[in-house]
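Subject: Structure for your review

Dear colleague,

Please find the structure below, together with its sequence.

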Amino acid sequence: ANLSPAEAAAMWPRVEQLALDAGINYLVSPAVNFAAYDPIDWLRDFLEHCQNCKVDAIAFHSYTCYGRWLKDHIQKYKVFGKPLWLTEFACSEFGSLERRDAAGQSAFMREVIPMLEHDADIEMYAWFSYFEDEWSWALENGKNADAGLVNRDGTLSDLGRLYASFETTVPVQQTTSISTRPATTTSITIGTTRTSLPTTASTTMTSTISQTTPTPSCHTAVAGESCHESVTWAMSEGIYSNPEWYPGLSPDSSFEEFQKRLYDIRTDNGACPFPCMSPAPTPTPSPMPTSTPQPSLACEAVLQEIAADGWSSDTCGGRIAWYQTQAGGGLSEQDAKAQAALFYTACEPCWPWPKYRQPDSTQMSSKRGIAISNDRLSSAALASLSEVISWGYIWHFNPSTVWGGGPRLDEWNSFGIRFVPMIWGEKQLGPAEAEGLPAARMALMGYNEPNFPDQANLSPAEAAAMWPRVEQLALDAGINYLVSPAVNFAAYDPIDWLRDFLEHCQNCKVDAIAFHSYTCYGRWLKDHIQKYKVFGKPLWLTEFACSEFGSLERRDAAGQSAFMREVIPMLEHDADIEMYAWFSYFEDEWSWALENGKNADAGLVNRDGTLSDLGRLYASFETTVPVQQTTSISTRPATTTSITIGTTRTSLPTTASTTMTSTISQTTPTPSCHTAVAGESCHESVTWAMSEGIYSNPEWYPGLSPDSSFEEFQKRLYDIRTDNGACPFPCMSPAPTPTPSPMPTSTPQPSLACEAVLQEIAADGWSSDTCGGRIAWYQTQAGGGLSEQDAKAQAALFYTACEPCWPWPKYRQPDSTQMSSKRGIAISNDRLSSAALASLSEVISWGYIWHFNPSTVWGGGPRLDEWNSFGIRFVPMIWGEKQLGPAEAEGLPAARMALMGYNEPNFPDQANLSPAE
């Protein structure tokens, strides 16, 4: 806002008058942050210049990355003796790179939210909800905080769900009241008008929360209206030249959907009214569907909807009828509905089978798998994925020996995920023959994209010549099911390559055909699948996600979700698809980029081991082939393949009942442990990592910091096979136990949890002691004379080892519906949507957007009535001097619980006001 204290104070009577005119009786100070003009000094100078002003609470921002430092910041602002509003906070500071990703933000949040809830001086707090690519500047290494609470598609991020999970000390009531300073009367002189603004001891912030969503009046633009012209241009040109202007839309989207977008962003000063949608859009607070309405009823509602493509136009009912004719393929009514639903977005409700599993279902698809690099996984990731997939592969034959580390084979087994080995290409054959394959796997997969020069790069003849060695590997390991080389579209057509390979390999054992597809629409994937059915074998789709030129609108997370909703039900219901594996890579992890420097944002599991939104969606679909304790897949008729390797000749039977068998165990083995001691090479490696590596290359140690323990560093070196596996599994205290739930919902009895860590070392840069010693010291006069409870809280906040000593519940119980009246969000309105507000209504009770009215703010987003309808209390702010005039001209939204003052006036690039101003 860039105001001096004097400038800010001089303008404050106008802020008070705005509040008076709008019936707002609670004013929050300008929100300061650390800058050259110290924020405490700025506020002190402001209040000195504004002695008769109404300021009911003090607002401040903090971007530290550790709870102990945030506590120090809060302590500084308590000098003013007023309720505190922490109106922007997230981990974003120089020197704390290890905490600025999503996992670090989660760790920071787990420290600070319980503290904010239990600090009686903190009246409100609002998380600064921005993802890494949305900040206006970058800290070191070009990285900033990955701190968004709500995704572009309106669903909560993992961080958003965590924000919702914490216990509250001040639950939201139907009416929330906050008492403020003792009664005074402030006289305000503006021009020649003098009014009185009472500030009583019982000044209250009141907001009645309604859960009824108003239906706005509607009008779909017609020819001759300026809105019609704008929508027509958007559909015919804008979506192609600037698809990023129309998130969630595609060239197939309807006129009304485009008009709704222009309405939302106030195009042409609001020339476009709310369109008459068919069916009317109804925001729902659940980010992920868990059940499907009766398909026949849902389909009836869209039979008259237009289903057009580049060649013809018809209704959904017409399309379904045509598919049942001889010209249309002579499909059954059910298959005709499935075809129409897949090919035409308008007809999607006609999909004839349930898409999503019921909330109480524990069935998991035996088809559903993952393609991912092993070093992208962890025990926590496997625990999360065990609720989603039944199998997976890593482009290698053994996770225990693959370069780069990651979970070993025993960990894959312990979580019941069937690891399937692959011989990637010629360069893996020798090592696999030297080591042998993991025994009794359900299948062995052949070479990876041999028709690509930069992949396995084998001619059909070369691949066929090597195949007997692949068969012998399988025979030696007791694997009785072989999957073909996995092809993809390239200069050497994949169908031709496979046909030539099988021609060269007529006596080979090939039980299933593997292929890849990176199309972005279900109808095109269906076409690809159809091509491979020519071979008459079960099909394995072993890599797929949306990543193709010309489909930029579908390559972000929202587009991947739309693609997934089309194709997973199709794959489940296609009896020829035996297995499928999603290619799980986030946008920044691919080895090349498509146009505009963008690639697919298709990751299923985050670095911290929690499922991404896409991962949770992948888990939600109904299955046609649920996992049994033993999974069997019948293959081709019996033959016997003779294999000659050197002078050895063996027989490999391939019977009509060849089965892929994998018993799924849910028992996690505890590896034997040894913590390295001085003189061992592992000890030297760990010591270097702790003293130098973590500072020079923190990215080598994800999830670790200089405060992490020796054992945690040794575990990292064990995981990545440093020095050819010189580091054994360390003896952890307490032993790490992977848990399949990404978000805790309850806390163990604090006293018992604390007892377990009283002898743990709690060190900082000045001293070292045990957690028990720290707690005892905080209760002495030198340590602050705290109560035992507060001493435990202090130790838990300042020392990671002592965290279990936090004396109050951190997370709300699963059956609790209480929501914190303190907890809010700081976010730009154009980052929101009705769906986002619906999701956030389960997380926060209030929010603000650095503006005084969401209905008029530039850039669009939900209007004030939408904020109200979801029960989220919108709090207006006068950002700085440039907003005062417009606010005075428009007026503020009436009867808000508070009005917030200028934004960071002690920052030159913010409100920029001196205290006097």
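In what follows, a helix axis is a line fitted to the C-alpha atoms over the stretch in contact, and the angle between two axes runs from 0 to 180 degrees between N-to-C directions. Please note that this is a predicted model.

Overall composition

The protein chain contains 28 helices and 26 strands. It has 917 residues, of which 54% count as buried. Among contacts with a separation of 6 or more, 70% are made by residues 24 or more positions apart.

Helix packing

Two packed helices are described by the angle between their axes and the distance between the axes. Two pairs are reported here.

Helix α1 (residues 5–22) packs against helix α2 (residues 39–49) at an angle of about 45°, and their axes are 8 Å apart. α1 is therefore oblique to α2. The crossing in which α1 passes α2 is right-handed. On the side of α1, the contact is made by Pro 5, Ala 6, Ala 8, Ala 9 and Trp 12, and on the side of α2 by Trp 42, Asp 45, Phe 46 and His 49. Sorted by class, the contact of α1 with α2 comprises 7 nonpolar, 1 polar and 1 charged residues.

The second pair is formed by helix α6 (residues 226–241) and helix α7 (residues 255–264), whose axes come within 9 Å and cross at roughly 105°. Because angles of 65 to 115 degrees count as roughly perpendicular, that is how α6 and α7 are placed relative to each other. From α6, the contact involves Cys 227, His 228, Ser 230, Val 231, Thr 232, Ala 234, Met 235 and Ile 239; from α7, it involves Phe 255, Phe 258, Gln 259 and Leu 262. The contact of α6 with α7 has 8 nonpolar and 4 polar residues, and no charged residues.

An enclosed helix

Helix α5 (residues 158–165) is largely enclosed by the rest of the structure, because 8 of its 8 residues are buried. These are Asp 158, Leu 159, Gly 160, Arg 161, Leu 162, Tyr 163, Ala 164 and Ser 165. The elements covering the buried residues of α5 include α4 (102–118), β5 (122–128), α19 and β22 (823–826).

Helix α19 (residues 613–620) holds Ala 619. With a relative accessible area of 9%, Ala 619 is buried. Beyond its neighbours within four places in sequence, Ala 619 is in contact with Arg 357, Arg 368, Glu 387 and Val 388. Ala 619 and Ser 386 are separated by 233 residues in sequence, while their C-alpha atoms are 9.8 Å apart in space.

Leu 27

Leu 27 is placed in strand β2 (residues 27–32). Its relative accessibility is 0%, so Leu 27 counts as buried. Apart from neighbours within four places in sequence, the contacts of Leu 27 are Trp 12, Val 15, Glu 16, Ala 19, Lys 54, Val 55, Asp 56, Ala 57 and Leu 899. Of these, Val 15 is 12 residues from Leu 27 along the chain, with 8.7 Å between the two C-alpha atoms.

Asn 448 and Trp 395

Asn 448 lies in the loop between β13 (444–445) and α15 (460–476), and Trp 395 in the loop between β11 (391–393) and α13 (409–414). The side chains of Asn 448 and Trp 395 are joined by a polar contact of 3.4 Å. Asn 448 is buried, at 2% relative accessibility; Trp 395 is also buried, with a relative accessible area of 12%. When residues up to four places away in sequence are not counted, Asn 448 touches Trp 395, Met 422, Ile 423, Trp 424, Gln 455, Ala 456, Ala 486, His 516 and Glu 543.

Backbone angles

Trp 395 is a residue other than glycine with a positive phi, near 65°. Ala 895 is not a glycine either, and has a positive phi of about 55°. Ala 895 is found in the loop between α28 (881–890) and β25 (899–900). At a relative accessible area of 47%, Ala 895 is partly exposed, whereas Trp 395 is buried.

With kind regards

Note on methods: Residues numbered from 1 in each chain as written. Predicted model: local features only at pLDDT ≥ 70, side-chain atom pairs only at ≥ 80, totals over all residues. Heavy atoms only, no water. Helix = DSSP H or I, 4+ residues; strand = E, 2+ residues; numbered from the N terminus. Buried < 20%, exposed > 50% of the residue type's maximum accessible area, 1.4 Å probe, protein only. Contact = heavy atoms within 4.5 Å. Polar contact = N/O pair within 3.5 Å; in protein donor to acceptor, adjacent residues only side chain to side chain. Parallel < 35°, antiparallel > 145°, perpendicular 65-115°, else oblique. Left-handed = near helix turned anticlockwise from the far one by under 90°. Nonpolar A, V, L, I, M, F, W, Y, C, P; charged D, E, K, R; others polar.
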